[in-house]
Amino acid sequence: MRDFQLDSPVDKPQTLQLLAAADDDTRLLAGGTGLLNLLKQRLASPGRLISLHRVTDLGGITLDGTTVTIGALERLIDIGEHPLIGERLPVLRDTLAEVASPRIRMMATLGGAVAHGDPNQDTPVALMALDAIVVAESRDGVTELPIAGFYRDYYETRLSPDQLVTAVRIPGDWHSSRFSHKKFTPGSREDYACVGVCVRLDFDDRNRCTDSRIVLGSVGPTVFRSRAAEELLAGKAITENLARQAAQIAANETDPVDDTRGSADYKRRMAGVWVRRCLLEAAGP
Amino acid sequence: MRFDQQYTVEQARDLLWSTLMDVHKVAACMQGVEEMIVVDDDRYEGTLMVKMGPVRLRFSGEVMVVTRDADNWIGVLEANARDPKAGGGFKASLEMRLVELTAMQTELTITLDTTFLGRIGELGRPLIKKKINSMMDEFIAALNEQYVTA
Amino acid sequence: MTAKQAISLRVNGIDHAIQVEPRRLLLDCLRDDLGITGPKEGCGVGVCGACTVMVDGRLVSACLELAVRCDGTDIVTVEGLADGETLHPIQQAFIDHGGFQCGICTPGMVLTAKALLDRNPAPSDDEIEAWMMGSLCRCTGYYKIAESIRAAGKAMSTGTKGG
């Protein structure tokens, strides 16, 4: 790795101060499981890192009304094991349980999981199905960014260079929604997914779909929602045939690359398979 | 890694051909490339920047015209570039076929075959693929713009 | 050249005051600067678990951590598990049940197993597999490792030393 300067702020105000003065050659370092790999492979060589390992005021998992707020420096393992998450957001709990390994989950933070912008990460897939809100701060103030439009490209988000993710908010009572997710790893368990899917369906009392989220990861430059597939489901009962059509639409929106987890063609087809299966599982009894 | 795409260029085939076979003119349309130097009629050197999030890759190399088959309207370019810091690079072969659609429209078929070399690992490849795809689109857009303004 | 920083690492109960560049990986610092060779480099990307250490009680891939970020922390490597000449029950169980062959993955396996048994003394087979999946072994096929962990769990619960 190239040499770099390392700053170690102790709290949020100090971090924001450093960010306000930072240039294009500065990156934030949280858990390190994402960024340090880029540095070690020499794909990125920032001259300065702002390391958050000493920051103590960006934690916490709290409930306010029906909104769960998770501090950006909470470790993924602690979030997944927290009773609030198990109780109110089981799809997030279950998604987190499959991220990498327990050891990586002890290192990785939610802020990093959201801000790194690698489409192969699992956490944003569930967060997008939950309409999560990214809370970003700079010295100028607080901005709330819905996660659905948050990702622009590989490793690129809507954060400006002086912004820090301080928390993720997940409003809403999801008890009556139906979720289904799949991290499809045909290779081996600790690897990234070939395709990651998270589906959320809401129904009226005649079993017609009133709202849905169909989220895909690992099959394009960003995690994304297939809004065209979601629109197809509106107002209808989820039949085998409808699920198949929606899944095909979603698969057509993917833009995967060949790698050890499959060829682009295989990944596209698996996206179709798993969206269909997740839709049927979520719609099932 | 293969890239196959067909484009419609708003220009007569013979004029498009002479543009594509002229490295000076092609260099003028390559916006994604820094420091373009024309070495001779068949070669130019340049640096391709790939920038996404924290990632910075700088590939330095050369592009050569290896085939000019005017009878069949087929041209082939070869590129060879390395990023010494990342310790890897790529080799690409770009074939262009021109088919006349109308007097003022040509169908340009581009077939690009890229091989990654050295240590460009798994994390780097999707970014390079994305960059090459968008460069091709920008190249065609620049070509069309050149003709519209000419 | 970036200036070296003075840091203090407590490793297996012993304080070390050293000077390292910010880019110095914890793994390289432990092995090359301090001569603590328990953690090993396997994959270099945090997947295989061979470089696993504990930092303030958390499992960490030392190949993905910077030494300077561990300034002032308590680090435990496999060398820190034994009590003088007496092996930790997990180490004893790995010996008694054939939980290693070449031994390269073993330091990481043992520490990761310790983290499991400290939080869950009687894990089910599924729980062992789910917890240990971040530690790869090329030799054993994993059965003996799981058996060693089950035996260690029993030994630790009953307060015996293993076997």
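User: Which residues touch the most other members in the largest nonpolar core?
Analyst: This is a predicted model, and in its largest nonpolar core, which has 124 residues, A:Leu92, A:Ile170 and C:Leu9 touch the most other members.

User: And which helix gives the most to this core?
Analyst: Helix 3 of chain B, residues 125-149, with nine residues.

User: What does C:Leu9 touch, leaving out residues up to four places away in sequence?
Analyst: Quite a list. Among them are C:Ile14, C:Ile18, C:Leu26, C:Leu34 and C:Ile75. C:Leu9 also touches C:Cys29 and C:Cys70, as well as C:Asp15, C:His16 and C:Asp71.

User: OK, new topic. What's the strand order in the open sheet of chain A?
Analyst: The order is 4-5-10-6-7, five strands with antiparallel pairing. The edges are strand 4 (61-64) and strand 7 (141-146) of chain A, each pairing on one side only. On average, neighbouring strands are turned by 25° against each other, direction ignored.

User: Which helix packs on the sheet?
Analyst: Helix 1 of chain A, residues 12-20, touching strand 6 and strand 10 (164-170) of chain A. The direction of that helix makes about 125° with that of strand 10.

User: Tell me about strand 6 of chain A. How many bridges join it to strand 7?
Analyst: Six, with strand 6 (residues 133-138) and strand 7 of chain A running antiparallel. The two strands form a hairpin with two residues between them. Within that pairing, A:Ser138 stands opposite A:Gly141, and A:Ala136 stands opposite A:Thr143.

User: How many bridges to strand 10, then?
Analyst: Five bridges join strand 6 to strand 10 of chain A, and those two run antiparallel as well. A:Ala136 stands opposite A:Val165 there.

User: Is strand 6 of chain A largely enclosed or exposed?
Analyst: Six of its six residues are buried, so strand 6 of chain A is largely enclosed by the rest of the structure.

User: Which residues point which way from that strand?
Analyst: A:Ile133, A:Val135 and A:Glu137 point one way, while A:Val134, A:Ala136 and A:Ser138 point the other way. All of them are buried, A:Glu137 included. In a regular strand, side chains alternate between the two faces of the sheet.

User: Switching to chain C. Which residues of helix 4 are buried?
Analyst: In helix 4 of chain C (residues 125-132), C:Ile128, C:Trp131 and C:Met132 are buried. Seen down the helix axis, the buried residues fall within an arc of 85°, so they line one face of helix 4 of chain C.

User: What covers them?
Analyst: The cover includes parts of two chains. From chain A there are helix 3 (76-81) and helix 6 (102-107).

User: Last one: where does B:Met1 lie?
Analyst: In the segment before strand 1 (2-9) of chain B. B:Met1 has a relative accessible area of 31%, so it counts as partly exposed.

User: What is B:Met1 in contact with, beyond its sequence neighbours?
Analyst: Leaving aside neighbours within four places, B:Met1 is in contact with B:Leu112, B:Asp113, B:Thr114, B:Phe116, B:Lys129 and B:Ile132. B:Met1 and B:Phe116 are 115 residues apart in sequence, yet 8.4 Å apart in space, C-alpha to C-alpha.

Definitions and conventions: Residues numbered from 1 in each chain as written. Chains lettered and ligands numbered in written order. Predicted model: local features only at pLDDT ≥ 70, side-chain atom pairs only at ≥ 80, totals over all residues. Heavy atoms only, no water. Core = buried A, V, L, I, M, F, W, Y, C linked by side-chain atoms within 4.5 Å. Buried < 20%, exposed > 50% of the residue type's maximum accessible area, 1.4 Å probe, protein only. Helix = DSSP H or I, 4+ residues; strand = E, 2+ residues; numbered from the N terminus. Contact = heavy atoms within 4.5 Å. Pairing = 2+ DSSP bridges. Axes fitted to C-alpha atoms, helices over the stretch in contact; angles between N-to-C directions. Arc of directions from axis to C-beta.
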